[in-house]
Amino acid sequence: MAESIFKGYLINKLDYLLNDEIVTFITEDGAKLPCLSMGSRKISSKNGRNLFLGNYCEFEIFLARNVAKMSRLKKCHAITQTDWKLSLYQPFNLLCECVNRTIETNHYTYLFFKNMLAMINDSKYSEKTKILIILQKFCILSGIGLEVNCCVECGNKCLKTINFKKRGMVCNLHFNKNKDHLYSLRISKLFHYLFNEKYDELNIFFDEFNFAIKILKEYIDHNLGIKLFTINNY
């Protein structure tokens, strides 16, 4: 194993054996690096004090040369530490799950995590608004963003409803009342504002938040095959 030094965010931790952990970082170039952290669950562990989810770290690992083997963490230093209470906060756990379960990651995945973490730490939006923003940004990152400004079939701007099978809004001409679900005007407007990133306008649709989160969760599952267990309560 060769020693290598990286910088990145800690996005996942799994207990392993008695005192060890498998920890996963996403580096600045977007590489996702799982590695074995020996003894970091011990109270006396120096590495353990730095291994909190969301920490921005400089870490040194013995990089495995064989894909069948796991890299091993040698040393970790938290450059920026997150509040440990974030581990109890649903938007933060959703963010970590989204990045951890993305198979092909890149620099944009890293920026997604970094920017969404900053949004989570800001008190501007409610918890459910943050969940919606993370889901919307994750859809765009994954290539399944919704077209909400014109009909996805013909470009008509006189819109009827949101259509998740067609990945966007449809006009009256391209709405099939026998096959398509007619969502309420409020739900269609919510997604119009959400995917136009007019987040300050979302609060007027607060009563629809739970349903919107449920729909987006199912949309991601259907198109990406990713079940987001963090938001199973929706």
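Begin by selecting Lys 13 and Phe 52: Lys 13 lies over the face of Phe 52, at 5.9 Å from the ring centre, where a charge sits over a ring if NZ of Lys or CZ of Arg is within 6 Å of the ring centre and within 35 degrees of the ring normal. The model is predicted, with local features needing pLDDT of at least 70 and side-chain atom pairs counting only at pLDDT 80 or more, whereas totals for chains, interfaces and linings use all residues. Residues are numbered from 1 along each chain as its sequence is written, and side-chain values use heavy atoms, with hydrogens and water left out.

Tyr 9 belongs to strand E1 (residues 2–16) and Tyr 56 to strand E4 (residues 56–63), so that the pair links parts of the chain 47 residues apart (strands, E, are DSSP runs of at least two residues and helices, H or I, of at least four, numbered from the N terminus). Both Tyr 9 and Tyr 56 are buried, meaning under 20% relative accessible area with a 1.4 Å probe and protein chains only.

Now select Phe 164 and Tyr 183, an edge-to-face pair at 5.5 Å centre to centre and 80° between the planes. Phe 164 counts as buried at 12% relative accessibility, and Tyr 183 counts as buried at 17%.

Notes: Buried means under 20% relative accessible area, exposed over 50%, partly exposed in between (1.4 Å probe, protein chains only). Rings of Phe, Tyr and Trp (its six-membered ring) pair if their centres lie within 6.5 Å; planes under 30 degrees apart count as stacked, over 60 as edge-to-face and the rest as tilted.
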